[in-house]
Amino acid sequence: MPSSATKSELRQHFDATRKAMDRGAITDRSKRIARHVLNLPAIRGASCVHAYWPIPEQNEVDTRYIIDALVERDVDVALPVVTSFEAGTPEMAHRRFTGRSDLQRNEWNIAEPIDGPEVLLSNIDAVIVPALGAGLNGHRIGHGWGYYDAFLKDLDPSIPRILLAFDDCVRPHVPCDAHDIPVHIIVTESGLHKVASPDDAPDAAGQP
Ligand SMILES: Nc1nc2c(c(=O)[nH]1)N(C=O)[C@@H](CNc1ccc(C(=O)N[C@@H](CCC(=O)O)C(=O)O)cc1)CN2
Ligand SMILES: Nc1ncnc2c1ncn2[C@@H]1O[C@H](COP(=O)(O)OP(=O)(O)OP(=O)(O)O)[C@@H](O)[C@H]1O
């Protein structure tokens, strides 16, 4: 994969990399990621953490280890609920996780707390961000629908944005556009990768 790869090429590459991992590797790496996340001061001090519920067939980092531990600590967990499936209107609501049995599958097979209590953005203390892959410049490659760009733009910029990815899906740099909001920290199974300057102006040309 050349360093000039486009977002779409990287999306396909990271997707294939993840799908080639076996379940045991996903579980083992996800547990290691969970340990790192649960030790972060931003998570240790949080009363409400916004997370995501994993899509099993996509081999996402499995956040259930993190969510279970947060619930055990009496921390509120908020999850996204997609409210528009139309391209061009990436809208999500945010609702409190009240237990696995309360989750319902949406049309993309994502389990969501559709009837959970609404969580105000102002109550969120940290966000755990899903991604297919990421660059150490703090930018992410998602599914390309813009849901997290739209969500993070409305969130107070001081709220820690923590991206989870497997080591194989992190590169020194990925391209970004003007609407992309970088994360502060990338967590992989090997540890924490602090983003040099997440508030840097985006680099539309995709060069470091
Ligand atoms: N676990 C999880 N929840 C999440 C996200 C995520 O990335 N992961 N999202 C992050 O934004 C939002 C949902 N966005 C998504 C957009 C596309 C697909 C998806 O499966 N796309 C298929 C093609 C689907 C189709 O077109 O029918 C694919 O990429 O193969 C999943 C989630 C909110 N919830
Ligand atoms: N706030 C927004 N409102 C409407 N469209 C948006 C918004 N933010 C981004 N988009 C659009 O969403 C599309 C996808 O953007 P991008 O490729 O950065 O998504 P992504 O970060 O990979 O995906 P996702 O956030 O769904 O994981 C782009 O065409 C972009 O113009």
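Residues are numbered from 1 along each chain as its sequence is written, chains are lettered from A and ligands numbered from 1 in the order in which they are written. In this predicted model, local features need pLDDT of at least 70, side-chain atom pairs count only at pLDDT 80 or more, and totals for chains, interfaces and linings use all residues, while side-chain values use heavy atoms, with hydrogens and water left out.

**Exercise 1. Describe the largest nonpolar core and find the residues that touch the most other members.**

Step 1. A nonpolar core is a set of buried Ala, Val, Leu, Ile, Met, Phe, Trp, Tyr and Cys residues joined through side-chain atoms within 4.5 Å. Buried means under 20% relative accessible area, exposed over 50%, and partly exposed in between (1.4 Å probe, protein chains only).

Step 2. The largest core has 53 residues, and Ile43, Ile128 and Leu164 touch the most other members.

Step 3. Assign elements. Helices (H or I, at least four residues) and strands (E, at least two) are DSSP runs, numbered from the N terminus. Those giving two or more residues to this core include helix H2 (23-39), helix H4 (64-72), strand E2 (76-82) and strand E9 (161-164). H2 gives the largest share, 5 residues.

Step 4. Contact means heavy atoms within 4.5 Å. Leaving out residues up to four places away in sequence, Ile43 touches Val37, Leu38, Val49, Leu70, Arg73, Ala126, Ile128 and Ile162.

Step 5. Check for another core. A second, separate core has 7 residues, among them Leu10, Ile141, Cys169 and Val174.

**Exercise 2. Characterise the largest pocket and the largest cavity.**

Step 1. Define both on a 1 Å grid over the protein atoms alone. A cavity is a set of points where a 1.4 Å probe fits but cannot get out; a pocket is an open set with protein on both sides within 12 Å along at least five of seven lines; lining residues have an atom within 4 Å of a point. Grid points are joined across faces, edges and corners, and a volume is the space filled by probe spheres set on the points.

Step 2. Take the pocket. The largest pocket holds about 620 Å³ of space. It has 31 lining residues, and the closest to its centre are Arg140, Gly142, His143, Tyr147 and Tyr148.

Step 3. Sort its lining. Ala, Val, Leu, Ile, Met, Phe, Trp, Tyr, Cys and Pro count as nonpolar, Asp, Glu, Lys and Arg as charged, and the others, Gly among them, as polar. The pocket lining then has 17 nonpolar, 6 polar and 8 charged residues.

Step 4. Take the cavity. The count is 1 cavity of 30 Å³ or more. The largest cavity holds about 40 Å³. Arg23, Pro54, Ile55, Pro56, Asn59, Glu60, Asp62 and Arg64 line it. By class, that is 3 nonpolar, 1 polar and 4 charged residues.

**Exercise 3. Settle the state of Cys169 and Cys176.**

Step 1. Search for disulfides (pairs of cysteine sulfur atoms within 2.5 Å). The whole structure has 0.

Step 2. Read the distance. Cys169 is in no disulfide, and its nearest cysteine sulfur, that of Cys176, is 19 Å away.

Step 3. Read the accessibility. Cys169 counts as buried because its relative accessibility is 0%. Cys176 is also buried, at 3%.

**Exercise 4. Locate the positive phi values of Asp74 and Asn109.**

Step 1. Asp74 is not a glycine, yet its phi is about 70 degrees. Asp74 sits in the loop between H4 and E2. At 72% relative accessibility, Asp74 counts as exposed.

Step 2. Phi of Asn109 is near 65 degrees. Its place is in the loop between strand E4 (104-105) and E5. At 31%, Asn109 counts as partly exposed.
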